[in-house]
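Here is a short report on a ligand site and on one residue of the protein. The structure comes first, then the notes.

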Amino acid sequence: MDSTRSDNLAIFARLRGRRCAVIGGGSVAERKTRELVRAGARVTVLSPDVTAGLRDLERDGEIDWLEQAFSDQTLAGFWLIVAATDDKSLNEHVFEVAEATQTFCNVVDDPERCSFIMPAVVRRDPVTIAISSDGHAPVIARWVKGLIETLIPQQLGALATLAGRWRGRVRTAITDMDERRRFWESVLEGPIPDQVYAGRPAVAEAALEQALDRWHTASGARTGEAYIVGAGPGCPDLLTLRARQLLSQAEVVLYDRLVPAEILEFARRDAELISVGKRAGRPSIAQAQINRLLVEQVKRGKRVCRLKGGDPMIFGRGGEELEALAAAGLPFQVVPGVSAAIACAAYAGIPLTLRGVTQSVLLTTGHTESSADLDLGLLPSGQTLALYMGVARYPQIAEALLAAGNSPSLSIAIVERGTLPEQRVITTTLGELTEAAAELDIQSPALLLVGETTGLAEQYGWFAPERHVAYKGAQSQRRARPARAV
Ligand code: SAH
């Protein structure tokens with residue numbers, strides 16, 4: 001399944017006063033009935049026999065119970081049908097009738113026969129958090145529910161109710177939508193929620209009133225701000241908390257193509273997402289144009305998140321963007337990201353420094369205007385070289401390193417798509433680099449690591465080890481772990 005696709009649209013159905021049917025009268029049917037009743041639906045239970053709980057509901061007038069045998073016509077006129085009998089063919093039949101009449105139907109424990117599913121739910125009424133695994137793994141959905149239950153304060157609902165009561169007043173007081181959002185965000189990040197959670201709604205309300213007054217008198221033309229943010233090497237879990245916070249505040253997100261879709265999900269739903277290209281060997285928007293766009297948006301008062309792969313200040317051209325922002329007198333913040341060298345080394349099990357073996361790291365690039373600019377030189381012993389970009393030029397890089405007097409038996413590792421599920425690590429030697437690159441068809445993004453510790457990937461590679469390739473000369477490196485005093 002494509003990670004950006006799903007078999008279901010998440011919607012909340014307004015069932016209050018609407019007729020729904022539950023076929024079956026056992027405990028599962030009772031549970032589903034109760035959920036429907038909770039949502040205000042007018043439920044008819046169709047079953048010759050029902051649980052004591054369902055009888056109680058009927059006696060209390062909460063549901064209708066239809067005891068006698070039913071026909072296909074009986075199933076007409078409902079918005080939703082839940083089939084929860086233990087008769088498989090009856091369930092299937094109900095589903096077919098529902099399909100024919102375009103009625104949403106859920107056959108319990110039969111994902112193939114569900115035109116709607118009921119997610120696991122965390123309730124903080126009026127806030128509802130629904131979790132679904134698209135029917136693949138209800139256990140995971142329930143596990144996530146457990147996690148979320150511990151994260152969300154029980155009184156969140158009270159806060160939402162308070163905010164709901166003030167919504168109209170705030171809308172009248174602050175007419176600009178972006179500014180209104182900022183107001184609410186400042187409320188959520190301030191002390192007011194804690195007052196609600198502490199059971200002091202009156203204090204919270206007074207504070208809200210005061211905040212609104214102050215906001216209104218203090219408001220004027222608001223300036224925007226640029227957030228220059230590192231998105232890390234690709235795995236969304238390696239995003240920093242700060243990056244997430246700023247990403248979820250920004251009204252505009254300018255992102256590089258190396259930034260995966262899962263990370264963009266953290267942006268606000270109404271944020272304007274603008275791809276500014278940048279992928280090896282493909283035409284992309286010129287840096288000057290990105291700088292202009294950034295400055296323009298911030299000037300318009302927007303909070304703009306400039307999201308870059310890895311760290312923004314390491315081969316990320318963050319410096320040029322700061323220069324443009326500073327020249328325009330605009331405010332900015334910079335958030336570091338896990339850079340490819342750090343991430344790839346960690347995920348390949350390669351210590352960039354190792355006591356007694358390597359004590360310096362050089363971050364450099366293979367992407368230069370001409371090969372004459374490739375100034376790679378003789379590696380001092382005890383140094384690890386991390387070479388960004390330039391995958392297409394590995395032959396020239398190998399040539400330059402050998403010409404500078406580096407030994408052909410020097411260990412190297414190439415980490416392709418580091419930290420992503422498809423990560424591939426290739427260990428070999430400098431002498432075999434050209435051949436390995438051609439034979440193994442290495443694709444960007446990949447990071448080249450050169451130095452004595454890179455061979456350790458064979459022993460310590462812990463992530464996706466099944467895609468580790470020890471290419472030719474690499475084998476001998478494993479045993480040769482030099483121990484030299486620093
Ligand atoms: N600012 C980024 C680097 C941008 S230059 C950072 O700090 O990581 C782009 C280069 O980074 C790629 O050509 C590749 O050499 C390296 N790179 C980025 N992500 C990578 C990944 N997931 N795996 C391997 N190399 C990666």
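## Shell around the ligand

By class, the shell holds 12 nonpolar, 4 polar and 2 charged residues. Ala, Val, Leu, Ile, Met, Phe, Trp, Tyr, Cys and Pro count as nonpolar, Asp, Glu, Lys and Arg as charged, and the others, Gly among them, as polar. In this predicted model, local features need pLDDT of at least 70, side-chain atom pairs count only at pLDDT 80 or more, and totals for chains, interfaces and linings use all residues. Residues are numbered from 1 along each chain as its sequence is written, and side-chain values use heavy atoms, with hydrogens and water left out.

The ligand is surrounded by 18 residues (a heavy atom within 4 Å). The closest are Asp311, Ile314, Ser339, Met389 and Ala446. Domain 3 (225-338) and domain 4 (341-480) both contribute to the shell, so the ligand lies between them. The domain bounds come from an automatic or database domain assignment.

## Polar contacts and cover

Polar contacts here are pairs of N or O atoms within 3.5 Å. A polar side-chain atom of Ser339 sits 2.6 Å from a ligand oxygen atom. Backbone N or O atoms also take part: one of Met389 is 2.7 Å from an oxygen atom of the ligand, and one of Gly309 is 3.0 Å from a ligand nitrogen atom. Alone, the ligand exposes 550 Å², and the protein buries 93% of that (Shrake-Rupley method, 1.4 Å probe).

## Glu321

Glu321 belongs to helix H12 (residues 318-327) (a DSSP run of H or I, at least four residues). Its relative accessibility is 0%, so Glu321 counts as buried (under 20% relative accessible area, 1.4 Å probe, protein chains only). Beyond neighbours within four places in sequence, Glu321 contacts Ile228, Gln287, Ile290, Asn291, Leu294, Arg306 and Lys308 (heavy atoms within 4.5 Å).

Notes
Polar contact = N/O pair within 3.5 Å; in protein donor to acceptor, adjacent residues only side chain to side chain. Helix = DSSP H or I, 4+ residues; strand = E, 2+ residues; numbered from the N terminus. Buried < 20%, exposed > 50% of the residue type's maximum accessible area, 1.4 Å probe, protein only.
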